[in-house]
Amino acid sequence: MALDYETAKEKLLTSLDENCQQFFVKNGYILENAYYELLSENLEKAKNLFNAVKNNDIRAHWAAFMVSLIEGDVREYPSYFELRNFLEIDLNILLTYFKGNYVENIIRYADFMFTINPEVHKFIGRVLYNNGYREQGMFFLDRAKNYFYHDPELHYLLAYIYYCDEDYQRAQKAANDCLYILPAYFPAVSMLKKLKDKI
């Protein structure tokens with residue numbers, strides 16, 4: 001069956017398929033081929049491919065920076081929007097591929113990345129929590145609360161986690177903290193209504 005771009009890209013998110021890589025190479029999809037090499041642990045090849053297109057592709061610019069974090073050789077900075085748009089997505093992809101060593105190397109730079117985007121600890125905490133690393137996820141979410149308290153989304157996320165854990169008192173406090181920062185934030189208002197029957 002002939003591959004198309006969307007099918008090849010979707011396959012890349014779940015498995016390393018050589019047919020997909022051949023499709024990317026044949027059709028000049030350098031960024032996608034670079035991600036294939038990254039997930040295949042061919043860091044040097046991935047880095048060269050990302051660097052070849054990073055001046056024309058914001059995702060490649062971010063990915064080149066991410067490789068520098070993995071290698072512990074940071075020479076450039078990502079933008080606020082690169083961290084917002086790509087950090088969580090790529091950590092999730094790396095965890096899907098069991099690249100825990102890559103993830104560890106990246107999150108070592110959390111405090112550095114926080115100086116560029118203050119939501120970084122929340123992004124890291126959420127992706128770790130959602131991938132089953134509860135303790136590590138909560139560590140980063142608590143750190144996010146200490147570093148950037150005035151983030152309503154963070155407090156709602158904590159309220160949701162506490163609610164799922166049936167820790168309704170803490171869920172109520174987190175929802176109220178959210179509404180203190182951003183009154184009428186609908187998800188938190190809705191959460192408090194549900195909590196009335198629980199407390």
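**Entry 1. Overall layout.** I counted 13 helices and 0 strands in the protein chain. The model I am reading is a predicted one. From the N terminus on, I noted the order of elements as α-α-α-α-α-α-α-α-α-α-α-α-α. I then looked up the extent of the chain: its C-alpha atoms fill a box of roughly 60 × 40 × 30 Å along the principal axes. Of the 199 residues, 45% count as buried. Among contacts between residues at least 6 apart in sequence, I found that 52% join residues at least 24 apart.

**Entry 2. Helix 5 and helix 6.** I recorded how this pair is arranged. The axes of helix 5 (residues 58-71) and helix 6 come within 10 Å and cross at roughly 60°. Helix 5 passes helix 6 in a right-handed crossing. On the side of helix 5, I listed Ile-58, Arg-59, His-61, Trp-62 and Met-66 as the residues making the contact. Helix 6 contributes Glu-82, Leu-83, Phe-86, Leu-87, Ile-89, Asp-90, Ile-93 and Leu-94. By class, this contact has 9 nonpolar, 1 polar and 3 charged residues.

**Entry 3. Helix 9 and helix 10.** I turned to a second pair. The axes of helix 9 (residues 120-130) and helix 10 (residues 134-147) come within 7 Å, with a crossing angle of roughly 160°. The two helices are therefore roughly antiparallel to each other, since angles over 145 degrees count as such. I noted the crossing of helix 9 past helix 10 as left-handed. Residues of helix 9 in this contact include His-121, Ile-124, Leu-128 and Tyr-129. Among their counterparts in helix 10 I listed Met-138, Phe-140, Leu-141 and Tyr-147. The contact has 8 nonpolar, 4 polar and 4 charged residues by class.

Entry 4. Which residues of helix 13 (residues 186-196) are buried? I found Ala-188, Met-191, Leu-192 and Leu-195. Seen down the axis of helix 13, these buried residues fall within an arc of 100°, so they line one face of the helix. They pack against helix 11 (152-164) and helix 12. On the face turned away from the buried side, I noted the exposed residues Phe-186, Lys-193 and Lys-196.

**Entry 5. Asp-177.** I located Asp-177 in helix 12 (residues 168-181). Is Asp-177 buried or exposed? Asp-177 is buried, because its relative accessible area of 16% is under the 20% cut-off. Leaving aside neighbours within four places in sequence, I found Asp-177 in contact with Tyr-149 and His-155.

Entry 6. Most residues other than glycine have a negative phi. I therefore looked up two that depart from this. Glu-41 has a phi near 65°, a positive value in a residue other than glycine. I placed Glu-41 in the loop between helix 3 (30-39) and helix 4 (43-53). At 44% relative accessibility, Glu-41 counts as partly exposed. Phe-98 also has a positive phi, of about 60°, although it is not a glycine. I found Phe-98 in the loop between helix 6 (80-96) and helix 7 (100-107). Phe-98 is exposed, with a relative accessible area of 75%.

Definitions and conventions:
Residues are numbered from 1 along each chain as its sequence is written. This is a predicted model: local features need pLDDT of at least 70, side-chain atom pairs count only at pLDDT 80 or more; totals for chains, interfaces and linings use all residues. Side-chain values use heavy atoms; hydrogens and water are left out. Helices (H or I, at least four residues) and strands (E, at least two) are DSSP runs, numbered from the N terminus. Buried means under 20% relative accessible area, exposed over 50%, partly exposed in between (1.4 Å probe, protein chains only). Contact means heavy atoms within 4.5 Å. Axes are lines fitted to C-alpha atoms, for helices over the stretch in contact, and angles run from 0 to 180 degrees between N-to-C directions. Angles under 35 degrees count as roughly parallel, over 145 as roughly antiparallel, 65 to 115 as roughly perpendicular and the rest as oblique. A crossing is left-handed if the near helix is turned anticlockwise from the far one by less than a right angle, and right-handed if clockwise. Ala, Val, Leu, Ile, Met, Phe, Trp, Tyr, Cys and Pro count as nonpolar, Asp, Glu, Lys and Arg as charged, and the others, Gly among them, as polar. The arc is that of the directions from the helix axis to the C-beta atoms.
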